[in-house]
Amino acid sequence: MAGTFPAAAERGTDAVVAVRGATKHYGSVRAVDGVDLDVARGELFGLIGHNGAGKSTLFKMMLGLIAATSGDIRIGGAPVTGSGFREVRRTVGYLPENVVLYDNLTGLETLHFFARLKRVPAKECGAALERVGLAAAANRRVREYSKGMRQRLGFAQALLGRPRILFLDEPTTGLDPEAIREFYLILRGLKADGVTMILTSHILAEIQERVDRLAIMAAGKVQATGTVQALREQMDLPLWFRVRLAPPDFESVRAALCELPVLAVEAREDHVAVQCRRDQKMVVMQALASLGEKMVDLHVHEPSLEDVFFGFSD
Amino acid sequence: MDPRQIGTIAAKEFWDRIRNRWVLAVALVFTAFALVIAYFGAAQQGTVGFRSIEVTIASLVSLVIYLIPLIALVLGFDAIVGERERGSLDLLLSMPITRPELLLGKYFGLAAALAFSTVVGFGLVAIVLSAQLDLTALFHFFGFVGSSVLLGMAFLSIAVMLSVFASDRTRASGLAIATWFFFVLVFDLLLLGVLVVTGGSYGGDALPYLLLLNPADVFRILNIFTLDDVRTLYGLATVFPRALAEPWLLTLVMLAWIVAPLGVASWRFRK
């Protein structure tokens, strides 16, 4: 599974997916506007943005489904729409948003159909169903599948042919929490095998602990790229401390912090909330430590990916 | 162009129509109509029973000319737009397949289903009537079945083209019905109208050639002119130049009616 891309090596880049100045215009609308993106081999990369931010269009451009108005998109060093597109496609798995399969086929027949198109031996289909937990429903018609089962079947289809790059558009839609956990376990296994994965999600809390890096898109542009932590630092959002004293004592907390440029000190139900700039984090912690044994709990609340996201996209 | 990819798509389309009994239903419709026409076609004249293959074919031609274009258009109108509207087109196109391969695969699969229904449906009739048919009659009958298959494929080609151009299924179905009305009901009336309005002074000579612009007319002529006995039954025979009445030439025109819409569809779909 962990193959190499000779063409990428020749170009002297580790990026398995390399996007340069990708632009797509629909009349006067710039759906995707000059996007640069590099995704490294074995990386789990998130792409987030509001509806209409351009992520689905960019996704389809990276897959070669939509021709770029301008720019260059390469997968494993080869252009996605060139004469070698068949070879490129065989290295790629795609799970579309709201995947639609054929109701009249069984799960196994569905995979057989896609396997033939991908030139994958039919015997791989059973294993793929097993992997996504659908082995027991292999011979049932897709018509009888629940939304979550269809999503799993779509994922099994994407895994056919041991792709080296997976494009997953809203992959956990319709899955219950248990299935979402299993899904990310599979992704972890694939990552260990060197598979590169690009996924979109609306549920930012779900991906913030799981992706290696992510890009935030708005108005057709990539507004920021990096690890969740790097984006937090780049956004420089303030962080919150939650301090609990026994007995509750708002005044001592305020007194401990009176010399420091904290942004807010507020008494809450059973704790005191303190907001400060990121670069004040350590001094505030030291000052709070001076409260000694009165302090029974201290919780640092980093801005969530959601806070970062709104910071960049608004 | 990879024929294996075309074959994979075509096989799926074909087996889908076998499994949902579409092929069976259409074949039975053809058999039932053909038998009714063969046995009761002359009921208005006060007789029942099989008369001659020529008369039977002439009646069948009038039936098939309405029925097959309709069935072909209904079969093909959502080939592409249906996948697009359901949302399954992107996934298909993300496979190692080109757009023309997908289009041709769809077409060949549907064409095979329609051709199979036609051959089986009318083939059953041939078996039922075999006792009354000599070799020449059988030859005529198979000529009729063959031209019916071509007629279906021509209208299927038009339907697939419409399904590439239409932005949604509703529009595609509207276009398909309009196409049926135009070629099956309006076209001949229009030609006749022009002929009558101009008192035959304008377009009279061009008329036979204009008939080639309608695959339904080509089908009709193909069957009339291959049956010398009934040729005189139709007024058309008097206006149609002998030079164009060659079965091979008419078959070529029919093939052009299959290739051209598919070519346009492929060009459009690639964009």
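Helices (H or I, at least four residues) and strands (E, at least two) are taken here as DSSP runs, numbered from the N terminus. By this criterion, the secondary structure of chain B comes to 13 helices and zero strands. The model is a predicted one, in which local features need pLDDT of at least 70 and side-chain atom pairs count only at pLDDT 80 or more, while totals for chains, interfaces and linings use all residues. Residues are numbered from 1 along each chain as its sequence is written, and chains are lettered from A and ligands numbered from 1 in the order in which they are written.

In chain B, residues 24 or more positions apart account for 81% of the contacts with a separation of 6 or more, two residues being in contact if their C-beta atoms, placed from the backbone, lie within 7 Å. Of the 271 residues of this chain, 42% count as buried; a residue is buried if 20 or more other C-beta atoms lie within 10 Å of its own, exposed if 12 or fewer, and partly exposed in between, again with C-beta atoms placed from the backbone.

The interface between the two chains brings 18 residues of chain A into contact with 16 residues of chain B. On the side of chain A that touches chain B, α2 (55–63), α3 (85–90) and α4 (107–118) of chain A each supply at least two residues, and α4(A) gives the most, with five residues. By class, this side of chain A has ten nonpolar, two polar and six charged residues, where Ala, Val, Leu, Ile, Met, Phe, Trp, Tyr, Cys and Pro count as nonpolar, Asp, Glu, Lys and Arg as charged, and the others, Gly among them, as polar. Helix α2(A) is mostly covered, with nine of its nine residues buried; among them are Lys55(A), Lys60(A), Phe59(A) and Met62(A). Just after α2(A), Gly64(A) takes a positive phi of about 80°.

Met62(A) also figures in the largest nonpolar core, of 155 residues, where Val17(A), Met62(A), Phe167(A), Met197(A), Leu156(B), Ala159(B) and Val160(B) touch the most other members. A nonpolar core is a set of buried Ala, Val, Leu, Ile, Met, Phe, Trp, Tyr and Cys residues joined through C-beta atoms within 7 Å. Helix α7 (residues 135–165) of chain B gives the most to this core, with 16 residues. When residues up to four places away in sequence are not counted, Ala159(B) touches Ala72(B), Leu73(B), Leu75(B), Gly76(B), Phe77(B) and Ala176(B).

The domain assignment of chain A gives domain 1 (6–91 + 163–226), domain 2 (102–153) and domain 3 (237–313), with bounds that come from an automatic or database domain assignment. The C-alpha centres of domain 1 and domain 2 of chain A lie 24 Å apart, and the contact takes eight residues from domain 1 and six residues from domain 2. Helix α7 (residues 177–192) of chain A provides the largest share of the domain 1 side, three residues; by class, that side has three nonpolar, two polar and three charged residues.

An open sheet of four strands in chain A has the order β12-β13-β11-β14, with antiparallel pairing, two strands being paired if DSSP finds at least two bridges between them. Its edge strands, each pairing on one side only, are β12 (264–267) and β14 (295–301) of chain A. Neighbouring strands are turned by 15° against each other on average, direction ignored, with axes fitted as lines to C-alpha atoms, for helices over the stretch in contact, and angles running from 0 to 180 degrees between N-to-C directions. Helix α11 (residues 281–289) of chain A packs on the sheet, touching β11, β13 and β14 of chain A, and its direction makes about 5° with that of β11(A). Five bridges join strand β11 (residues 239–245) to the antiparallel strand β13 (residues 272–276) of chain A, and Trp240(A) stands opposite Gln275(A) in β13(A).

Several backbone features of chain A fall in loops. A cis peptide bond, with omega about -5°, joins Ala246(A) and Pro247(A), and Pro247(A) is found in the loop between β11 and α10 (250–256) of chain A. Asn98(A), although not a glycine, has a positive phi of about 50°; this residue lies in the loop between β6 (92–95) and α4 of chain A and is partly exposed, with 13 other C-beta atoms within 10 Å. For Asp236(A), in the loop between α9 (228–235) and β11 of chain A, phi is likewise positive, near 55°, and the residue is exposed, with 11 other C-beta atoms within 10 Å.
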